[in-house]
Amino acid sequence: MAQNKKDDTLKVKIGGRLVSPFFDVADGKPSSSVEHTFDKTLHAFSKNNIPLEPDDGLKRRERVLSRMEKVCQEWVKNVCRKQGLPRQVAEAAGGMLKTSGSYRLGVHEPGADIDCILVVPGMCSRQHFFGTVTGDDPNLTKERDPDSLAERIRSHPDVTNFVPVE
């Protein structure tokens, strides 16, 4: 059985961050001439039709993502503590923020959103994330848990436009 090695040639620098494929390349074969031609055509189209963000905008996005990851990691620790897990477990529980979409591909326009995926341990539930209030009584005021990640982000002083998709 052949060993899969990460292909370092697919790494690209976006802002100050080196981005590489999350998964190994499927077959690892060199690109064909047709694929090279398509790549050149796509790059030319992108250069002529997609206004890319300047370096200062990219650096600002990197700062935002770094802060957001810290907020997420603090939230994971809080969920662990609320579940009575030892401090060492809560500290090591982690939480990784991964980018996707146009930003991840390096073809986002200035002012575009940043699609993110948060990877957390299994003890963090959907209800913890969204702060969903459950219950069938329509007379109850349904407020979200202020310790949920969605509410932490929504109430953060630097956040101006947050749309959690539940």
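This is a predicted model: local features need pLDDT of at least 70, side-chain atom pairs count only at pLDDT 80 or more; totals for chains, interfaces and linings use all residues.
Residues are numbered from 1 along each chain as its sequence is written, and side-chain values use heavy atoms, without hydrogens and water. Local features require pLDDT of at least 70 and side-chain atom pairs pLDDT 80 or more, whereas totals for chains, interfaces and linings use all residues.

Helices (H or I, at least four residues) and strands (E, at least two) are DSSP runs numbered from the N terminus. Beyond its neighbours within four places in sequence, Cys124 is in contact (heavy atoms within 4.5 Å) with Trp75, Val76 and Val79.

Thr99 is located in strand β3 (residues 96-100). With a relative accessible area of 12%, Thr99 is buried; buried denotes under 20%, exposed over 50% and partly exposed the range in between (1.4 Å probe, protein chains only). Residues up to four places away in sequence aside, Thr99 touches Arg17, Leu65, Arg104, Ile114, Asp115 and Cys116.

Phe38, Leu42 and Phe45 form a nonpolar surface patch of about 340 Å². Such a patch joins nonpolar side chains (Val, Leu, Ile, Met, Phe, Trp, Tyr) within 5 Å, from residues with over 30% relative accessible area and no salt bridge. Leu42 belongs to helix α1 (residues 33-49) and is partly exposed because its relative accessibility is 42%.

Technical notes. Patches are made of residues with over 30% relative accessible area and no salt bridge: like charges are joined within 9 Å, nonpolar side chains (Val, Leu, Ile, Met, Phe, Trp, Tyr) within 5 Å. Accessible areas come from the Shrake-Rupley method with a 1.4 Å probe; for residues, only the protein chains shown count as cover. A salt bridge is a side-chain nitrogen of Lys or Arg within 4 Å of a carboxyl oxygen of Asp or Glu.
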